[in-house]
Structures are given as structure tokens and as C-alpha cells.
Amino acid sequence: MDNSLQSAKLVLLLAIALVLFLNTELNFHIAAGALDSDSKVYIVYLGEREHDDPELVTASHHQMLESLLQSKEDARNSLIYSYQHGFSGFAALLTSSQAKKISEHPAVIHFIPNRILKLKTTRTWDHLGLSPIPTSFSSLSSVKGLLHDTNLGREAIIGVIDSGIWPESKALNDQWLGPIPKRWRGKCEPGEQFNATIHCNNKLIGAKYYLNGAVAAIGGKFNRTIIQDFKSTRDANGHGTHTATIAGGSFVPNVSIYGLARGLVRGGAPRARIASYKACWNVMGDEGGGTDGRCTTADMWKAFDDAIHDGVDVLSVSIGGAIPEDSEVDKLDYIAAFHAVAKGITVVTAAGNEGPGAQTVNNVAPWLLTVAATTLDRSFPTKITLGNKQTLFAESLFTGPEISTGLVFLDSDSDDNVDVKGKTVLVFDSATPIAGKGVAALILAQKPDDLLARCNGLGCIFADYELGTEILKYIRTTRSPTVRISAARTLTGQPATTKVAAFSCRGPNSVSPAILKPDIAAPGVSILAAISPLNPEQQNGFGLLSGTSMSTPVVSGIIALLKSLHPNWSPAAMRSALVTTGSCFFLFFFFINKPLLTNRFLWRTSPSGEPIFAEGSNKKLADPFDYGGGLVNPEKAAKPGLVYDMGIDDYINYMCSAGYNDSSISRVLGKKTKCPIPEPSMLDINLPSITIPNLEKEVTLTRTVTNVGPIKSVYKAVIEPPLGITLTVNPTTLVFKSAAKRVLTFSVKAKTSHKVNSGYFFGSLTWTDGVHDVIIPVSVKTRYSM
């Protein structure tokens, strides 16, 4: 094709894109103006589709709205989205009186107001043992283990619901990738500075964006002073690019951030395909202090709906709301995600960044795979030398040159006339504003939060209270205190051991206490991956970010590999494989006249063999409410031996035990369903964990395991009972005799010896065949009654 023809084609594509923009915005403005000024967006959930044809589904939505609004035109203008692929429902602009009327319609299962939610490397994959890592696609012969067995996840498709994608990123190159899998039904949509033909390739195979819910939330108009973003899948925020490339980014050698964390960057499944669903937008903060990623439920539900239709294998959703307030039906993606899981798509979600308090974990439905965040075995130590020759070490992303300055302390009571220009300032908890004062560097003493930043070019050094107190003591006992700050360096391995990050949300689950959350933990602190070049903290298109937003796509990438290896495994089997193989080791204690069944004590550890601690107001050994099954172990998860599988019947039992009625469950599933009698116990939901929130004297529960290992296997039970709890397993041996007998059920009786109400105690139940150790965490809280 000659240049003139290419130019003409590009002009035509841009013209089409412009028409699409104008039509989208014009239609939305008509809708906004057609209704009363108090109109708001509501999500109307109708359950499983009654028609296979999406057009008939949408037609039924128009008919329902028309019957309410008494006008075809008003019904058409009111409709924001029709959810027509994975489930039936719609988002519509409605007045409060209309909302009340439609919420009472007999066909409506749930009626949910549109809500605004927030977005929640070079070392990651070494740390997790997913190695050896080749230096490029040209040296794939060196790949072994899970990466070799899955061809680096070549046939897997990772869907990412986030803030979009920066398509020119080096981490999205499609070198050495073959044709797009034929089962893919998605597409790339054109938009502002996003040319679907040019910017999508055999790596980035899908790109869609969802704007109407966000626009409605800010008044019905795309106001660029509020939404500082592109009207396309292009990522202004950088969050979506970062998460997508953590999960499935291609190889990019010799990457660093200002010289730190240097190495080869790649995703967990570097040959997987990526589909970006932009439902989160770069929105100005309430106080005008920068932008933040905001997402609405209406937009997110449509992203789920399309992803189900398009054929993704895993959905990575690094988004969460506040601490759970109500039941699952009121949360952002629980019902939409349920339909994805019911169709075989694993939905991986973030535990949230509001830790370390108890009962803060987000995304707690049993069909979600919820991920906590840990640190890597990597740190960026920064040497601080005081004028008295005392040497201290903090952490930072400060890369020099070395700073030698005077040293002062500021707090809220400090004199505004204190001369800080050209000096290093010590503050506690950043309560003292120092912007615009010309300081050379900042030492910030604070409680541990594991978050590092460059502070817009300022040398920011992060210390804990103890270190800050040492420096303050020096300042107050010295006439002219000085300090020398050296550039940070990259340290891997001990003593930089793995910890559950202070910000990572913790259990127990406040919605359904018998459902353990989070499920698993993965690295989420200072993760180096691709990012939007518009992000001020980036260098050469890469950046270090922290959060459960980062740990989530780590697990999504691993799920993509497992899906390539085990295409028929259900999302529950995937979760079980991860939870039951989390990094751990065993200590054996042998006592005379004591059976082995009670003499095996389990500790969750980092890959180096060190115990995993949990950062917070008080550092402690981590427990299942911090990390679920432990730190994810990809290689072991590929061959777990047994899995605790779940299907539709298990989710029905959960819904019944959670209080859903027969009618609601029937419409969710699209078929007539009745809850069993007696009502199922939530303790019997077939999770790879046991959580008993109120043990009163004695309780018996059941679990079912499926053999996914050798056909003729024999497993024996090994128990680490929680303190003061007796666990009895029946039978104590599971014998899998043939391919036809791969599923066996066992019971667990828990009995307490506590005479008063207690907090939670933790233990484990392991099934072992001598090769596979299939471990589930046990958490028990007793309630004693006279």
C-alpha cells in the first residue's frame, strides 16, 4: 500500500472515530436533558438472559423502560447500557420516583444505584520461582517448568478491567506471537488518539471503553477539567497499563527506574493475549490535589458483560470499594462477576489498600479470587550519615547525587520563619507542609506502609518512628546538625524478607464470616512494569507502583498459565490449586505416645524459608486473615494433587445460606431452583479453607476433593489443630482407586476446650500422598455458652 493510500485510510479512520465520539456524547446529552434534573443512573439486574440473541435481550430492556416512561423516545434516551451477553440487565437514567417504581417491578432481582469506586517486574517472577527466565523470545529453549509446559501462556487471553492501556508500550510488543486465537470474539474500538488498526496487534487483541456511567456521575457532560483523560481506551492514568503488563506483558530487557530495580521486565504469562476494558477514568480529586482513578458500577458491569461475550480466560480487576457494608448484592461486581465465573472465567480481584485493620478486606464473595499484597525480597536501602558520624539506613527511590546539608525538624508547632531552604527536613507523618519551601531533601518518619515515591523529584527518604526518633534526638542535642544522604541502591535477598504489606486489607470477612478472605497473597510493593508516559513518576515508559492493584495481576498472570496447562479446570479449581500450595515449610515435633497426626506444625514462609510477617501497627507473624493460603507458588500450583472444586450447585448452596430466596436464585441462574431443606450450612461451602466464626462446643462440616494427580493415589490426613481446638477427620485416608473414582468426601468435626469466648486461633489440615501436600488453613473462633 502506497503512502497516499495509507494517509487516506488514516484520515477516514479518524473521521469515523470523530463521528462515533460526537454521536456518543450527543446521545448522552439528549438522554441527560430528556429527564428531570434529579435523574441518576441506576443498575437494574434481571438475572440470566431469557434469549440467546443479544438484540432480543436489549429489546426486552427497552420494553420494560417504555412501560415505565410511557414513551419510546424517553425509554431510548434513558437507557445508558444494555447488559445483554453474560446476563440480563441495564443501566438507566431515572428520577427518584421512576427508580422506586421500577425497583418494585416483579422481574427485577436487584436494583443498585450507580456507585463510584477507586482503582486499588524485574524481581517478581524470580521471587516466586517462576524461572529460569529467558533473556528474550529468542532463547526460549532455556525455559523449564510451568513456563515451558504452557508455552509462556500463548493461548491464554487476559481481560483487564481498569483505566485503559498505553498501546505503544514496549511491553505490548507482539514479537514471536502467532495469530490471535480463533475463539476470540472481541474487537478493538477506535477513539481519541487510539487507532484500532494501528494500535492493536497480536498481543493487545481487545480494547473497549465505557464512559456513560462516569459522565452521568459528574453531571452528564464530558468535562475535561474534571475528567483529564482520553475518550478512548488510551490510558492517561497509567494504572491499567501497569496491571495489564504485570499480568501478560512481553519481554523488555534492561529496564530500571532511575537506575534502581534494573533487569528484564515481563508479565507472568508473557505470551498471553491482553484485552483492555477501560471502565476507570482519570478524575480530579475532590480537593483539586491531582487526579485519581474512578470507576462506576454501571461502566464496570458493561465491561464484565462484554468480556464474557468476547471469550477471555481470566479477568483481572484491581478495583474495590470501601469496607463491605451490606451483602454481596450491593457490591460493585459481585453479581456481574458471578456470571463470568459461572461461564468458566476466573475473576481475580484486589483485597484493598485500607489495611492493616481487621475486617477491612474487599471483594469477599466466594466466587472471587481475592489477593493480598506482600513485599518482595528486594529493598532500596539509603544510607543516612549524621554529622556525629552515626550511620542509619532508611529506604527511598533517591538516586543522587549525594546530598550534604544542614538538618532541621519541623512539626505543626514550628515557627513559620524557620529557614529550611537548601536543607534536609525531618517530619513525622507528613503533617507539616513543606512544598514550595526550597528544601533539599525530606526525611519522613511514619508508621510502616511499604509505599515509596520520588516526591516529584525531591529526595524523599522513608523511615520508621524509631529511626526518626534517633535523628530527632541528634538534632535536639546538636548546635548545627548536618546530614549526608547517599543514593539508594538495589538489594535483593536477605535481609529484605517477604512481609504482608501494611496497606493490604485483612480478614475476617465482615459479610460472610465463614468465607475466608483474602484467598492468597502475591507481591504488590514497588512492582516495576509499564506505565503511561504521562505519569509524572515514570521513566522511559516504566514505573514502580504499589498496592493490591499490583498483586492482583500477578495472580492473573499465573491463572493464565494454569489455564493454558489445564483448560478444563473451573475457576474454583484454579483458586484451590493456588491456596493449597502457598509457600510453606514444616517443622516436625515427635512426642512419646503421641500420634503423628497431631505432631506436624505448619508455618507459612517466604521462598527463602523465612517466616512471613505482617506489617501493621504491631508487626506479627502473618496468619490466614493476612494472606489466605500464603504466598502464591506458581510451580506447585500447576500440580496440586487434589483440588476443592465448586460448581453452580455449590454457589446455590451459598446463596441459600446467605438468605437469597428461591425466586431470586432462579432468575440469577435462568432456571427454576429451590433451596435444599434443611437450609445448607455456610460451613459446608467447598472452599479450600475452613473458617468457623462461632464454635459452640462442637460442629461437623464436610469437604469434597477431586484428584487431579495420578489415578491411583492414597492421601493421609495431617492435622495442625488451632490452640484449644480438637479436629477429627473422617476418614483419615482417602483412596483414589481409578479414573472413575476421582471425587471423595470427608468430614471434619471441630470441638473446643475453651471455657470462655476467644479470638481466632489458626491451624491447618493437610492431605499428603508423600509427593503432594494439599494444605488448607483452619481458622476458629469459639463462643462458649453455659
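**Close-up views of the predicted model**

View 1. S551 belongs to helix α13, spanning residues 548-565 (helices are DSSP runs of H or I with at least four residues, strands are E runs of at least two, numbered from the N terminus). The model is predicted: local features need pLDDT of at least 70 and side-chain atom pairs count only at pLDDT 80 or more, whereas totals for chains, interfaces and linings use all residues. Residues are numbered from 1 along each chain as its sequence is written, and side-chain values use heavy atoms, with hydrogens and water left out. With a relative accessible area of 0%, S551 is buried (under 20% relative accessible area, 1.4 Å probe, protein chains only). A polar atom of the S551 side chain lies 3.2 Å from the backbone oxygen of A372, and the backbone oxygen of T548 lies 3.1 Å from a polar atom of that side chain. Beyond neighbours within four places in sequence, S551 is in contact (heavy atoms within 4.5 Å) with V371, A372, A373, A522, P523 and G524.

**View 2. An open sheet of 4 strands.** The strand order is β34-β36-β40-β38, with antiparallel pairing (two strands pair if DSSP finds at least two bridges between them). β34 (642-643) and β38 (725-730) stand at the edges; each has a single partner strand, so one side of each lacks a neighbour in the sheet. Strands β36 (698-707) and β40 (743-752) pair over 9 bridges, and V699 stands opposite A750 in β40.

**View 3. Surroundings of P366.** P366 lies in the loop between β15 (346-350) and β16 (369-374) and is buried, its relative accessible area being 0%. P366 and I515 are 149 residues apart in sequence, yet 6.7 Å apart in space, C-alpha to C-alpha. Not counting residues up to four places away in sequence, P366 touches I515, R575, Y651, Y654 and L687.

Note on methods: Buried means under 20% relative accessible area, exposed over 50%, partly exposed in between (1.4 Å probe, protein chains only). A polar contact is a pair of N or O atoms within 3.5 Å; within protein, one must be able to donate a hydrogen and the other to accept it, and residues adjacent in sequence count only if both atoms are side-chain atoms.
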